[in-house]
Amino acid sequence: MTFRGSLRFALAAAGLSLFASPALALNVQAGQKFDAANVAQIADMISPGVKWCVEHGMPITVGEYKKIELPRAYKEATEKYSGQVKLSADGRIMTGFVAGQPFPKIDPADPQVANKIMWNFDRRGSAANDDVDLRNFDADTGTIYTGDKEMGVERHFLLDHLRGLNYDGRLFVDPKPKFEPNTEAVQGKAGLYPILEPFDLKGVGTLSYRYLDVEKQDDTWLYLPTLRRVRRLSSAQRSDALFGQDADVDSYYGYAGSPAWFDWKFLGEREMLGVMHAQNFPVKWAAGSANFAFDDVWEPRKVYVIEGTPRLAQYAYSKRVIFIDKETYAVIYSDIYDRAGNLWKVWIDDFSFRKQAFPGASTTYEDEMPFLPAIVMVDMQLVHATKASLPSPRFPGEQGWYFNQGAKSGTTPEWFTVAAMIAASH
Amino acid sequence: MSWSRAALHWIVAAALALAFFASGRSRGPEASRPGPAATPGPAGGARAGGEADPGTRPAPGADGPRAAASPAQASAHATAGGPGTDELPSGVTRIRISRGDLAVAWRREADATWKVEAPAGKSIPPGLLAAFAEQLDAVREGERLEAPGPDADFGLDRPSLRIEWSGAGDRRGTILVGGRTPTGTAWYGRVGSDGAVRIVGSNLVYYADLVLGAAR
């Protein structure tokens, strides 16, 4: 590089850095432990929602940062197709997408930076799975207490399957890169059914279609066997927490709505603590009153901080502040606010990127896959939590997560029908 | 019209006028909701968790909006009944936030983007500046506690954050943020020289943390 070239590069880099919040020099070391007594020391490295959880007992043990490589096929598709991807002026419509990461060049000075990050999140490499099948998982919901008193479990849920099938951006399982035929023009389908416990909800399920046309709202169906009725949920109702627990469908994984449903703002780039290499599989829950939270290793991660304001009328929340890992585009946690701007809920992911669920598991992947042994959603205003073990420790040897298995794991279009959901309830 | 009928009309009109003035006097200068039953935590306890610099009173600066530069001045404006004092934020065009010695000021440009005025040369993501400005509107949604008790119970004797804003039509105001509420989901605040305590959302305070952190 010539001197003039070097100078131009340096000036460009300086210009870019002007818009990036200065990365925090994390003054934490691997092995350090944080709890309510010393959480102030890491207040800048966690979200207000996570801080609330630590103040209520959630333990944080600091671990080393570990790089996560995205799948080779995803990186190759990014190189091949990203050049042709375009975004509409309002950032809501993406065209030219085939597979891979839509916008690999993220410039904080770009007026559309927040939308591009959210579209990258939507088609993230860490979940660029053609299909996924989560089996045999359970969830508890109840009140958070103090002292040694454990979370008062009000309801215990046991679920058979959470499955997803992508219809575009496919890289691993034929047909690729699109699932044809796609007469409904869907981007993907997801189903959560049947619920096995509690007995009064046995057979309940939900099914959802997301369409390639972002102007078309999701179709979401809820089957209630006791009423023998299929109810249709609006997109705004996706933010409602159902059956006395705290999680809403749109909060799954930190955010499971469409990028087109919110107005997004880029709030900066920071170095924060998140769980990306959980050591415990199945999950290890913390002790005493902190047992609403998992007890695992948090590592320093560079994250994008994005604010989302819903465009949908009657959406339950006024804002989501989402913390997106820069390397994988996985959400490490997401804070949710009410209309007055008061902290309402937090979703925390307990990721464990690895090639096998556990040593000796029957399935080994070529790439590190986004195993998620636990999630927690806390309603801070009600001091109430829902925690899920993915999979449930009740099933020793269960891998829980099955990625890109297609028909081998039963993840076929036939499963994603209302008829199949009703049949499974019997 | 007979004399007696005319007298009856005058009596009815007088009664209506009395009723009108009586209702006008009973209406306060600002509609207010009764405060929640929530009680503040022990003095100082509301600031648990090491919120930055609660003990330092923000230094007034010359680069902020045209609003009162100190609580005393804000109070003087209110006493004098100056235009636009004690306003809830609305149509904001300039903002200055400060905590301890650190202050950041920014203004809205003609193209609706936000630009940092101070500290000079600091660039903060425009989306963050805009998000803070929009979140200021939510202050009006916060609960209002009437005659709540000593300032120290709410951390307002030593505010942890000072927000000054100004807007079109000579509107301006100051919001002082004290300690965190016992639930940990919001903060106590005071708008202008209003004696009431308002609940200020955590969202606003978190964005202030991000802005001040980016300017450090």
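Author: In this predicted model, the count of cavities of 30 Å³ or more comes to 7. The largest cavity has a volume of about 960 Å³, and among the 47 residues that line the largest cavity, those closest to its centre are Arg124(A), Gly164(A), Asn166(A), Ala190(A) and Tyr253(A). Two or more residues of that lining come from each of the elements α4 (113–122), β5 (131–143), β6 (152–166), β7 (186–192), β9 (205–211), β17 (369–379) and β19 (401–403) of chain A; of these, β7(A) gives the most to the lining of the largest cavity, with 6 residues. Sorted by class, the lining of the largest cavity holds 24 nonpolar, 12 polar and 11 charged residues.

The second largest cavity has a volume of about 480 Å³. Its lining is made up of 28 residues, and nearest the centre of the second largest cavity lie Phe137(A), Leu159(A), Leu192(A), Gln245(A) and Tyr252(A). Here β5, β6, β9, β17 and β18 (384–389) of chain A each supply at least two residues, and by class the lining of the second largest cavity divides into 22 nonpolar, 4 polar and 2 charged residues. As for the approach behind such volumes, rolling a probe the size of a water molecule over the atoms shows where empty space is left.

Chain B has 4 helices and 8 strands, which follow one another along the sequence in the pattern α-α-β-β-β-α-β-β-β-β-β-α. In chain B, 8 strands form an open sheet with antiparallel pairing, in the order β3-β2-β1-β5-β6-β7-β8-β4. The edges of this sheet are β3 (114–118) and β4 (144–145) of chain B, each of which has a single partner strand, so one side of each is left without a neighbour in the sheet. Within the sheet, strand β1 (residues 92–99) of chain B pairs with strand β5 (residues 161–167) of chain B in the antiparallel sense over 6 bridges, and Ile97(B) has Ile163(B) in β5(B) as its bridge partner.

Turning to chain B as a whole, buried residues make up 45% of its 216 residues, while among the contacts in chain B with a separation of 6 or more, 63% are between residues 24 or more positions apart.

Note on methods:
Residues are numbered from 1 along each chain as its sequence is written. Chains are lettered from A and ligands numbered from 1 in the order in which they are written. This is a predicted model: local features need pLDDT of at least 70, side-chain atom pairs count only at pLDDT 80 or more; totals for chains, interfaces and linings use all residues. Side-chain values use heavy atoms; hydrogens and water are left out. On a 1 Å grid over the protein atoms alone, a cavity is a set of points where a 1.4 Å probe fits but cannot get out, and a pocket is an open set with protein on both sides within 12 Å along at least five of seven lines; lining residues have an atom within 4 Å of a point. Grid points are joined across faces, edges and corners, and a volume is the space filled by probe spheres set on the points. Ala, Val, Leu, Ile, Met, Phe, Trp, Tyr, Cys and Pro count as nonpolar, Asp, Glu, Lys and Arg as charged, and the others, Gly among them, as polar. Two strands pair if DSSP finds at least two bridges between them. Buried means under 20% relative accessible area, exposed over 50%, partly exposed in between (1.4 Å probe, protein chains only). Contact means heavy atoms within 4.5 Å.
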